[in-house]
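Dear colleague,

I am passing on the structure below, together with some notes on what turned up when I went through it. Please read the notes with the structure open beside them.

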Amino acid sequence: MPEEYEDYDDFMMSDDESMNIDDIAFESDEGQQEHHTVGSSKETETTRYFPNIEYAYNTGLAFLDDREFEKAREQFIDVYKTVIDILPDDKEPVIIQFGFQALNQIISCWINEIPYNGMSGQIVSEIIRTCECLCDFIAVNNDDHDTNNLAKNLGNTFTTLFYSNSRIFLFDLGSLDCSAVKLRMELQSAIVSIFLNSSCLHKKFVPLLQVKGRVSSIWYDCLTTGYYSESDLSSLRSIRVIDNETEKYTEDLKIEITTVILQCYILEFLKAGDIKEAGYFKESISILDKLASKSLSVSQTPEVMLILHFSQGIMLLMTKRPDINSSIQTSVFWRMREAREAFLRSLKHLEELGRNQDKTPHLFHDIILAGFTFTSMILLKVGKEELDPFEFEQVRILGNQDIIDNIQLIYVNFMNLDLMGLFNSLNCMKEINFILHHLVSDIYELAQSLVLWTKIAVVYSCISIPDLENKLKLNEYKVPTRDDILTLLMQSILKGEAMVFYKLDLRKDLVYFGAMYKKQLTMYGKESFRLMNQNKRKPAEAKECESLASLSDFEYANNVGLFTVPRKLTKKSNITEFFEALKEARENIIYIDNAQHKSFNKLYPKDMKFTDKYMNLVDLMAPRIHD
Amino acid sequence: MAHSNATDDSETKMMFDQFKGPNMIERAHYLITSNYGTPENKKQWATKALQYLSEINYIMSPHLNAFLKASGYAEVPETVSIQDIPNDQMILLQKIISHEFDEALYSLESKKVPRNEYYRNLEMIMQLLIRAKNYKGAEELEYRMDNIYVNQIHETLKEELDAYQRIQLLSCACLFFEEQYFSCCSNFFKFLENDDGIIDLLKHDSLDPFILNEEFLLMIVISVLVSVPLDNYADFIYLEHLKAFFEVCPLLIECLQLLIDTKFGKFFEIWHEVVGSKYQESPFLNKGWVAAKLMMRSKIYFFYLRISNYIHISYLSKTLGIDINAVREELSLLIESAHLNFKIDGDLVVYKVKHYLEDPVQKLRENQVLIDKELEHRKSQNSELQNIIHHSIVTNEEKFPSSRELSSKLLEDDHMDINDVNTLSDAESLSFEYEVD
């Protein structure tokens, strides 16, 4: 397979050697036509002169320029017919080129007519007929050894045929009249199968046609059934385009592949609120991200950038999933900030596309809006961000008033930490609530944690776990379980979010809040720690010198954390600082630590008393008694 | 179950197949003497070891009998021997196989080593020291690491640089063998911070590995989990420069994430099954496992004790997925060892504070009893002695009547000196009696 791709290098390279007459063709860019007609003026010594043909051809080009498509076509058909007449007797390369280019121009005429007169079944069948002619023409007249190898020069033909399909997203077809797009995809499929089945196809075009075939099939399925077939997506994913930095063509093809793949995944997300093949999704995002960072033109195409940033946004929301988050560790607030940024950019791209004025409902607009406001309010609440999301112009313009009102209600409920209100207002937007369920569960989790620490722990000195369940419920049916409560309490310690000291009584299911419940867990210092042997209940080592702790005792005590003051390393530190801080904590004995660190009081009461010191004193006497 | 066993076997085979020469011999011996693998597996391992010994024409391995027994061969099978090993290497090889480590070490140390083979030689010395279980000696090799030279290596030899990095890894491994888990991982990560080339080294095993990358990574996983405090796991995973490491070692991040989310039960599943089963395969991981397992469990128990005044052992057993008797046993061990203020009362673990002077007072009481006893003892000794003296005076009088005059005279003399009389008073009577005695 790989050898098929290698030829891409010369595929779009309109280098003088291999394509001296090919310049006649024009490049089409999003329906905007601009062409240069240098064909006959670029005569070489071997070229014979065919004034009639050339005149007719140039007239055709002039008509095409003036958008007289019908007349232009007639001219090119004339050229083609003349060529066909001459050819059996005179296989002059120039004649063949004229025939080839005439057919190409006929195709151009039809394609360029579409923006003016609309897509129709007639145009489709005409183009298909011309393509068949083209295939036959090449099959008969192609000469592999000729520098004007027709089969190899189909590049521009394909550029014309597969004109860019921007500004419509696969995941946003709901409100569109799609019959024209559907026709186009039928046409594209037909063209692909004509050329793939034709004997004249040069192998370097195979991947291109495969991509176009899959893409049109995906589009067609989405337009008719609302969803794509998994097999199309996986075969599209498996098409690999060999890297070639000098080649804009390979880059375009790669962008087409990744944007279509991402659109499929976004469609899945908008339908299910989740993406099954998250690994591929993530991979495609990073491919597109790389392409965009390398190319200025890509990074300035709002359609592509909207797909990229929207994908990044929803991926960040799903980052809790272990398959996505296998290696990159991010705190929840970092994630929220990144997601917020991605949604804000998406909003700006919508603005660039002029979509912000569009008052018809678009689900994905609402998702972007909700994603942006929800992530903003989380950051606002925890004090990591100070911008009110509703201050943003993009927000005010984009949504319809209902959506904005609803989101504002959610915002207020969240800011007031009204759990039941939050739940009710989120449930008013069923669809958004479902699609963004990862983010919504983050919101609930954070809100519950904040309620626990800022509203309950500071007020109650003792509360039962059932009461906590009741206070943290979202509605009558969404009551956290005992395990949920315990997990919330314990996680808060490990994540450094616990704001009030607490103790549990799991016998009566009570939680005590407040520093006064701090207790000394042991009256003995680290020096007196001896790991007992599991069977004999004696110090495991050091039978003779029982007064000395062995190294392994200290290691054990330190590792278990028996005598270490738990200390959160708040500032982002590097590896060396991190381990130095831990080392210091291990080596210090808690009561020496007292003055230096404010966090000392996190676990232990202020007035620690140590038995072992008195014991030492008493022990001093004991041996003397026996003397 | 049968299925998972089958995959385990194939993994072992693959892991074992990565070893060559003396490394393979030692691994084969470890595997056939451990309770790992089926008799059929053991036979294959032993046969492979014997074949190698036969190939190099040297059978003075201390494990020879074990190999013969496990393989079922009566004697070492004949094979075509390898001829192309240079003489000096062969001698070294023989010394390693026959466990004459001191001599092997001597031959390596006394060899004239060209500058561009310095670290490869040092690595072999280190491996020898580890084989001989001289971990302290191995760690001390660090003094022979020449940093200036390392900077030059980059321009010279990749093999030398790899050897240099592997020596660093081996020195971390030595700390692991000595169960100094904190030093092991803190040294490793400091090393990683200075030289990220180590990541690449950990991705690909060398051709003749001494310790597999997989084993190194497990050592680091165990060390981090055991020695980094629970409260700092969340700080640890967000450290800069660690992303690349987490990519080669996803197990660590998986475990840490579970611990941070306080999914302890799920964590122990992985800890016991993944980490616990790997340790069996490896002679290097094997030794520390029991201690590491206990420490990890104790760490979680202590976390629960830290946050609760009352907690049920059955609850702990259920949430952590650890057998209830083991929980009870290990908890009471922890409480006793650290003198924790907890009591186990049936199924319940209760915080029970003692007055800080309770133990000293207890001890003082014991001392008091001891002193009382001693006093009692001395008192009775005194009275016994008094009796004896009294008795002898009486006897003396009876025997020698004149002595009575003498003694009365003596007494009269004494009476004349009031100080002497005082000396005889109660307080000093003890010493006086001893003197008389």
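Between domain 1 of chain B and domain 2 of chain B, the rule finds one residue pair in polar contact, with both residues at pLDDT 80 or more; please keep in mind throughout that this is a predicted model. Across that interface the count of salt bridges is zero. On the domain 1 side, the element that gives the most to the face touching domain 2 of chain B is helix α17 of chain B (residues 264–281), with four residues. Sorted by class, that side of domain 1 of chain B has three nonpolar and two polar residues, and no charged ones.

As for the extent of the interface, five residues of domain 1 of chain B are in contact with five of domain 2 of chain B, and the two domains bury about 380 Å² between them, of which 79% lies on carbon and sulfur atoms. Of the area that domain 1 of chain B buries against domain 2 of chain B, 75% is supplied by G265(B), F268(B) and L294(B), more than by any other three residues.

Of its 437 residues, 47% are buried, while among the contacts in chain B with a separation of 6 or more, 66% are between residues 24 or more positions apart.

With best wishes

Key: Residues numbered from 1 in each chain as written. Chains lettered and ligands numbered in written order. Predicted model: local features only at pLDDT ≥ 70, side-chain atom pairs only at ≥ 80, totals over all residues. Heavy atoms only, no water. Contact = heavy atoms within 4.5 Å. Buried area = accessible area lost by both parts, 1.4 Å probe. Salt bridge = Lys/Arg side-chain N within 4 Å of Asp/Glu carboxyl O. Polar contact = N/O pair within 3.5 Å; in protein donor to acceptor, adjacent residues only side chain to side chain. Helix = DSSP H or I, 4+ residues; strand = E, 2+ residues; numbered from the N terminus. Nonpolar A, V, L, I, M, F, W, Y, C, P; charged D, E, K, R; others polar. Buried < 20%, exposed > 50% of the residue type's maximum accessible area, 1.4 Å probe, protein only.
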